[in-house]
Structure formats: structure tokens, C-alpha cells
Amino acid sequence: MSREQKAALVRKQKYFAFGDVFVFAAALLLIAALTAFAFLAPREEGNSFTVYYEGEAVFSAPLGEDAVYVFTVGGGVRKFAEGAAYKEYNVIEVSDGKVRVREADCRSQDCVHRGAADWGEIVCLPHAMRIEVKGEAAQPPADY
């Protein structure tokens, strides 16, 4: 078979059959349904949050009480004091039923850019700190 004959055979082939339309339409509908479910599914907003350091819970507080806390690596969580000097820290702010990391001294600032959350998690990888918003009420420890 010559080169021209092979090229002619390739040109005659159909790469898209009529039945493929139904397969692509079904795939698009499935993608649209799953996307709508992910964004429109009801979610339970939390009413408390817990701070974890290296996988261990170190602090819990309700989201209903506006407050500002500071997390320091190895030092736990305590009330934030304006003007105090902290090293390896995250400033955690609770306001309007949401929690956010207002300030951090890590380079990536991913936890700060996450913004305020009333569900889900906020993670700071450089400090091995994670904030998880929960549905059940929690009380802050008496010694913070």
C-alpha cells in the first residue's frame, strides 16, 4: 500500500460516531449534577472551633463570643495582647460567628488568605496548626 493510499484511508475514518454524542452528553450531565451538589448541598455551620497542634487538640472555644487569641508554636493558645512580641505565631480572631487567622508570621500566609470560616478547616502548615470548626458547643479552658 502506498503512502497516498494510507493517507486516503485515514481521511475516510470517522473519529466521532453518532453514539458518542450520547456518551458525551451523559458525562456533561453527570459533571453538572456533581458540581451543583457540591455547591448547593446543605451544610451544618459550626458553633465552636478547636485548634490542633501537630494533630493534638490544644484549645476549644465557641464561635458565639467575639475574641482574639494567639497561637504560638510550643506555647499553646491564649488571649491576644496588643503590643506583645510573639515568635512563630498565628493571631486567631473570632467575630460574627466565624473564625479566621488574622495575622501570622509564616512566609506562605495561606491560613490568612483562607479568610473567615463558619465550617471546615483552616490549616497553617509551617506552624503545624489546624483550626477545625465543629457543630457541638465547646468551652474555652479556664487557664487560657
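Two strands are said to pair here if DSSP finds at least two bridges between them. Helices (H or I, at least four residues) and strands (E, at least two) are themselves DSSP runs, numbered from the N terminus. With these terms in hand, six bridges join strand 3 (residues 67-72) to strand 5, and the two run antiparallel. The model is a predicted one, in which local features need pLDDT of at least 70 and side-chain atom pairs count only at pLDDT 80 or more, whereas totals for chains, interfaces and linings use all residues. Residues are numbered from 1 along each chain as its sequence is written, and side-chain values use heavy atoms, with hydrogens and water left out.

The protein has three helices and eight strands, and from the N terminus on its elements follow the order α-α-β-β-β-β-β-β-α-β-β. Its radius of gyration is 26 Å, well over the 15 Å that the globule rule gives for 144 residues, so the protein is more spread out than a compact globule. Here the radius of gyration is taken over C-alpha atoms, and the globule rule is 2.2 Å times the number of residues to the power 0.38. Along the principal axes, the C-alpha atoms fill a box of roughly 85 × 35 × 25 Å.

Of the 144 residues, 28% are buried, where buried means under 20% relative accessible area, exposed means over 50%, and partly exposed lies in between (1.4 Å probe, protein chains only). The protein exposes about 9,800 Å², of which carbon and sulfur atoms supply 57%; these areas come from the Shrake-Rupley method with a 1.4 Å probe, and for residues only the protein chains shown count as cover. Among contacts with a separation of 6 or more, 41% are between residues 24 or more positions apart, a contact being heavy atoms within 4.5 Å.

Turning to the strands, four of them form an open sheet in the order 2-1-8-7, with antiparallel pairing. Strand 2 (56-62) and strand 7 (121-124) are the edge strands, each pairing on one side only. Neighbouring strands of this sheet are turned by 15 degrees against each other on average, direction ignored; axes are lines fitted to C-alpha atoms, for helices over the stretch in contact, and angles run from 0 to 180 degrees between N-to-C directions.

Within this sheet, strand 1 (residues 48-53) pairs with strand 2 over six bridges, and six bridges also join strand 1 to strand 8 (residues 129-134). Tyr52 illustrates both pairings: its bridge partner is Ala57 in strand 2 and Arg130 in strand 8. Val51, in turn, stands opposite Phe59 in strand 2. Strand 1 is mostly covered, with six of its six residues buried. In a regular strand the side chains alternate between the two faces of the sheet. In strand 1, Ser48, Thr50 and Tyr52 point one way, while Phe49, Val51 and Tyr53 point the other way.

Strand 1 and strand 2 form a hairpin with two residues between them, and Glu54 in the turn has a positive phi of about 50 degrees. Most residues other than glycine have a negative phi. At 59% relative accessibility, Glu54 counts as exposed. Another positive phi in a residue other than glycine is that of Gln109, near 60 degrees, in the loop between strand 6 and helix 3 (110-113).

Strand 5 (residues 89-95) brings the description back to its opening pair. Six of its seven residues are buried, so strand 5 is largely enclosed by the rest of the structure. The bridge partner of Val68 is Glu93 in strand 5. Strand 5 also pairs with strand 6 (residues 98-104) in the antiparallel sense over six bridges, and there Asn90 has Ala104 in strand 6 as its bridge partner. The hairpin of strand 5 and strand 6 has two residues between the strands, and Asp96 takes a positive phi near 55 degrees.
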